[in-house]
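Good morning, and thank you for coming. Please look at the sequence and the structure together while I speak.

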Amino acid sequence: MKSKFTINPIVVLLFLIVFSSQKSFAQCFQIESILVAACRPGGPETEGFNEMVRFRVGATAVNTSNLSVNWVTNNLWQGLVQNATTTAKVATLNADIDAAGGCGNLLQPTNGVLPANAPVILVTSHTMDTNSNSFGALAEDTYIIFQNNSSTGSGHFTNYGTTNIMKTFTMSFGAGCNDTVTYNRSLLINQNGVNADAPGATVNFTAAGVASYVNYGCSAPIQPFTVNAGPATMNACAGTTINLAGTAQGQQSVAWTAASGTFANTSSLATTYTIPANAAGQVITLTLTATNTCGANVVDTIALTVGNSVTPTFNLPTTLCNGAVAPVLPGTSTNAITGTWSPATVSNTANGTYIFTPTAGQCASTFTLNVTIGTTTTPTFSLPTAICSGATAPALPTTSNNGITGTWSPATINNIANGSYTFTPAAGQCSTPFTLNVVISNSITPTFTIANTFCSGTTAPILPTTSNNGITGTWSPSVVNNTANGAYVFTPAAGQCGTTFTLNVAVTTTVAPTFTIANNFCNGTVAPILPTTSNNGITGTWSPATVSNTANGNYVFTPNAGQCSAPFTLSVTVNPIVTPTFAIATTLCSGTTAPALPTTSDNGITGTWSPATINNTTNGAYVFTPNAGQCSAPFTLNVAITNSIAPTFTINDTFCNGATAPILPTTSNNGINGTWSPATVSNTANGTYVFTPTAGQCGETFTLTVTVTPNETPDFATTLTICNGQTPPALATTSPNGVVGTWSPSSIDNTTAASYVFTPNAGQCANPLTLQVTLSAFEIDFDQRCVGTDFVVTALPLNNSFDPNTVNYLWKDSQGVTVGTNEETLNITDLMSVASITFPATYTVTITNTAGCSTTDNVVIFGAFCRIPKGISPNADEKNDSFDLTGLGVDEIKIYNRYGTEVFHQRNYTNQWRGQTDKGDELPTATYFYVIKKNTGENITGWVYVNR
């Protein structure tokens, strides 16, 4: 909490004394800062209420009673004031400082004493706007004093301008204790550092009086608490280290932080930061936090964008022939990265590694060039040296088997004449030429002994890979197909000068035997005989030779040899006898809809019924006969008919709207289960509810008709206003519309507002009703104040208990005599002008509203004097001889001379002071200062001039 200080009224009076300027004594105090261009909420005309000067007391305390100031402008020094207004201002400012995180207090001096080494703020008016110029997070206890200025709104300092630029300001505490500073108004700046007329322009001074110019916006001239990490954004490479140079003011400590990376010194404004090697593509926030002595923090950040590292590229050979000219290593890569090589020169006789290191600041990685020195190589080829005359000559490849590229001369091989072909390697391959000699030979036709006709599906001949005349080769296709005609081409292996040979094979189609034999029959019936000759004339034998009539089986017919025919398999299925199944109720309620008899059983058997339909009134037997060919037996359905039952219920079917509705039972009185639709009875509307029995009980549906009787609201009044204490009306137990009931409470209390509930008697289908009773009672609050020079008392509604515009006022004095008018105000000054009043005086007011309700209250007036004399002339001429405060309600007065010495003291004062001391000695002509304590608790200070 902020400290509280007691105000000495003597010091308050001494602030009004003006002292003359004397010779400066720099060690006494020092002017440190001036808020020249104060922020002004009311425009330039209010700037003079909000300017400030900061100075620091020297090694010895000073007293504000000796202070005088020569302002830069023509404004006069009006002395200091310290009273309830300044105390309230200081309390507001200290609350703002607390809210901003400050731990320093603004203090008002005790007995006018500013302690040694104390920082002090002088404000140009005690009416300053506390919201205009912030003290921020003040970290040091600082004294604050106020000029007694309530009318001079023009500035005390000269703001920015380019003419008459040098301005001088002087303060003095007398006895050679003064200081003077000078500033150049053309050097005043705005918050962007530009010379301009802008609120917040401040001048700071060194001990030698050297001026510097700053602008922190709408701030008091105290040490600011700020931090600046540096530029808002930066760019750097992953894995590199950057320099940081933050600035701060008013801090006790600083700390750098980031989510990743490392700082060389986290507690130093100037430090370095190493970026993580894997941070490419990230934006890292670097935070600088300043902490003041109060423990409050301010922060600023830098958004650091981390770039990817680029790999330099070069167009350089990686192989050289031994002794060839080596390439020069360039200082700039093809993607514009500059740097240096190590070694700087390529050797043309030995393999080597050459490292390119980029110049710093390019976000580039190193590049390694590995150079291999090659020996002379002879190219090798997989090419034939002999070709059959007319055969396709191989293409001459431009790259050898061992990777040497080059050209041939001639470029193609002649397939009818011998020749030599020379391969010349392309430049730069460290290779020698190569010569291919090709010999051309005559062709031979291969011969074979192979069967070229057979039955489809029989074993096909094998194709030999060597002809009768010794030529080896391959067949395409390589295997003879035993099911289709085909041509098979023999291609001699290379180097034999053999021609191709084609074998044409004819395959006779295999005939499938056909039979007309039943392959599906019922268990136990006569099985078919298996014939030894098929329908299409193929002879053969069966295995097994006889068909079984009790089990499934496969029977294979094998044709006799020499018929180009395939075997035949007969699959026989013997079906078991199946009993049809049906999902049909065997018990029916008499008269209900009988189920239809399906012509297909649940297990898929079709057939007919006899009888064809079920009789729903008589028991019966119904026979299902399967259709032929289904291996199924007949089925008999026996149906029993049961009589229907009507369910019975005991349910209330008539009740009042909103009453508890009956629950619908799911079991009837005679034991039938079922469901209702709707399932719940409405207690607000008539309805029909149908009970449907659960299937299988032969129960009938039941319908319940419900009648809901609407509730009637008794037509009593619901609101009633009575005067406090007035005899209330009786509460009737029968409403005008005939509803009978009781009230709770049963009678109206005429002293308290309350709610009264009417509850209808049972059986009437009527709603309860609430009567809200309010009391017309009001309370009076009195306001006493001076309005100009008139002392006025106002009767005000307390807690808005009456409307001042709709009531009548009757004022009376203590004798019961009517005074004033039918208004809320009573002018005591007017009453004093027609008759003498002895204070304290008591007045009563009676207030009556439109309902005839009234109340009376008293107000005590301790004094009604609204003007304090500025001077007296105690010369016994009965004119202005005494300091007359009659009617002001003075509980105590103290009067001081210009040196702060008390000369007169009086309790219950009216007009006893005529310029004398407490001892009765006559005081000389001079200005004297008073402190008045009224019987209302208010303190008033000021001056009075005694003229003899």
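Predicted model: local features only at pLDDT ≥ 70, side-chain atom pairs only at ≥ 80, totals over all residues.

I begin with a definition: a charge is said to sit over a ring if NZ of Lys or CZ of Arg is within 6 Å of the ring centre and within 35 degrees of the ring normal. Here, the charged end of Lys870 sits over the ring of Trp943, 5.0 Å from its centre.

Residues are numbered from 1 along each chain as its sequence is written, and side-chain values use heavy atoms, with hydrogens and water left out.

Let me turn to the disulfides. In general, a disulfide is a covalent bond between the sulfur atoms of two cysteines; the criterion applied here is a pair of cysteine sulfur atoms within 2.5 Å. How many disulfides does a search of the whole structure find? The search finds eleven.

One of them joins Cys39 to Cys218, with an S to S distance of 1.9 Å. Cys39 lies in the loop between β1 (29-35) and β2 (52-57), and Cys218 in the loop between β13 (211-215) and β14 (226-228), so this pair ties together parts that are 179 residues apart in sequence. The torsion about the S-S bond of Cys39 and Cys218 is about -90°, so the disulfide is left-handed.

For burial, I use relative accessible area with a 1.4 Å probe and protein chains only: buried means under 20%, exposed over 50%, and partly exposed in between. Cys39, at 7%, counts as buried, whereas Cys218, at 39%, counts as partly exposed.

A further disulfide joins Cys455 to Cys564, S to S 1.8 Å. This pair links distant parts of the chain, 109 residues apart: Cys455 is in strand β31 (residues 453-455), and Cys564 is in the loop between β37 (553-559) and β38 (568-575). The torsion about the S-S bond of Cys455 and Cys564 is about -60°, so this disulfide is also left-handed. Cys455 is partly exposed at 24% relative accessibility, and Cys564 is buried at 17%.

Next, a disulfide joins Cys522 to Cys631, S to S 1.9 Å. Cys522 is in strand β35 (residues 520-522) and Cys631 in the loop between β41 (620-626) and β42 (635-642), so that distant parts of the chain, 109 residues apart, are linked. With a torsion of about -100° about the S-S bond of Cys522 and Cys631, the disulfide is left-handed. Cys631 is buried, with a relative accessible area of 8%.

I now move to the nonpolar cores. In soluble globular proteins, nonpolar side chains tend to be buried together. A nonpolar core here is a set of buried Ala, Val, Leu, Ile, Met, Phe, Trp, Tyr and Cys residues joined through side-chain atoms within 4.5 Å. Which residues of the largest core touch the most other members? Of its 34 residues, they are Ile31, Ile34, Phe55, Leu122, Phe157, Phe169 and Met171. The strands that each supply at least two residues of this core are β1, β2, β8 (119-123), β9 (142-147), β10 (166-172), β11 (178-184) and β12 (201-205). Apart from this core lies another, of 24 residues, among them Val793, Tyr843, Ile861 and Ala864.

Leu122 deserves a separate word. Leaving aside neighbours within four places in sequence, Leu122 is in contact (heavy atoms within 4.5 Å) with residues including Phe55, Trp71, Trp77, Ile145 and Met171.

Finally, the aromatic rings. Rings of Phe, Tyr and Trp (its six-membered ring) pair if their centres lie within 6.5 Å; planes under 30 degrees apart count as stacked, over 60 as edge-to-face and the rest as tilted. The structure holds 48 such pairs. Trp71 and Phe169 form a stacked pair, 5.8 Å centre to centre with 25° between the planes, and both residues are buried. Trp341 and Phe356 form a tilted pair, 5.3 Å centre to centre with 55° between the planes. Trp341 is buried at 11% relative accessible area, and Phe356 is buried at 0%. Ring pairs also link Phe883, Phe904, Tyr909, Trp913, Tyr928 and Tyr930 into a cluster.

Definitions and conventions. Helix = DSSP H or I, 4+ residues; strand = E, 2+ residues; numbered from the N terminus.
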